[in-house]
Amino acid sequence: MGDLKHIVVAKFKEGVNVDEVVKGMEKLVSDTEAVKSFEWGHDVESNAMLTQGYTHVFSMTFRNSDDLTAYLGHPSHVAFSTTFLEAIEKILLFDFPAVVIKASA
């Protein structure tokens, strides 16, 4: 099996300082060995009807399910989760094994 992806799609509450939340997440993944890679972005061009209000995507890659489990139980993740959940209005979360069709160059 290949890498395991952990994808979070979020809509932040009105008035939340999203930059501060993102900085916290960047620090979290930098301090956590289990995270193989981290990417994030916000929607810039999609039709509002199609995004249903979701604005940001956070993507983490783990080598295997044991690394994901270690990350989810890590004290820094547990502490940050409270901050993150208080800042969001809606969330979608997916964990899945990656099926690579075309690898990056």
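## Helices H3 and H4

Let's start with a helix pair: the axes of helix H3 (residues 65-73) and H4 cross at roughly 60 degrees and come within 5 Å. That angle makes H3 oblique to H4, because only values from 65 to 115 degrees count as roughly perpendicular. On the H3 side, the contact is made by Tyr71, Leu72 and Gly73, and these meet Pro75, His77 and Val78 of H4. Sorted by class, this contact has 4 nonpolar and 2 polar residues, with no charged ones.

## A nonpolar surface patch

Helix H4 spans residues 75-87 and also holds Leu85. Together with Ile91 and Leu93, Leu85 forms a nonpolar patch on the surface of this predicted model. The accessible area of the three residues together is about 260 Å².

## Salt bridges

How many salt bridges does the structure hold? There are 4. One of them joins the side chains of Lys36 and Asp3, with an N to O distance of 2.9 Å. Lys36 sits in the loop between helix H1 (18-30) and strand E2 (37-42), while Asp3 belongs to the segment before strand E1 (4-12), so this pair ties together parts that are 33 residues apart in sequence.

Note on methods. Residues are numbered from 1 along each chain as its sequence is written. This is a predicted model: local features need pLDDT of at least 70, side-chain atom pairs count only at pLDDT 80 or more; totals for chains, interfaces and linings use all residues. Side-chain values use heavy atoms; hydrogens and water are left out. Patches are made of residues with over 30% relative accessible area and no salt bridge: like charges are joined within 9 Å, nonpolar side chains (Val, Leu, Ile, Met, Phe, Trp, Tyr) within 5 Å. Accessible areas come from the Shrake-Rupley method with a 1.4 Å probe; for residues, only the protein chains shown count as cover. Helices (H or I, at least four residues) and strands (E, at least two) are DSSP runs, numbered from the N terminus. Axes are lines fitted to C-alpha atoms, for helices over the stretch in contact, and angles run from 0 to 180 degrees between N-to-C directions. Angles under 35 degrees count as roughly parallel, over 145 as roughly antiparallel, 65 to 115 as roughly perpendicular and the rest as oblique. Contact means heavy atoms within 4.5 Å. Ala, Val, Leu, Ile, Met, Phe, Trp, Tyr, Cys and Pro count as nonpolar, Asp, Glu, Lys and Arg as charged, and the others, Gly among them, as polar.
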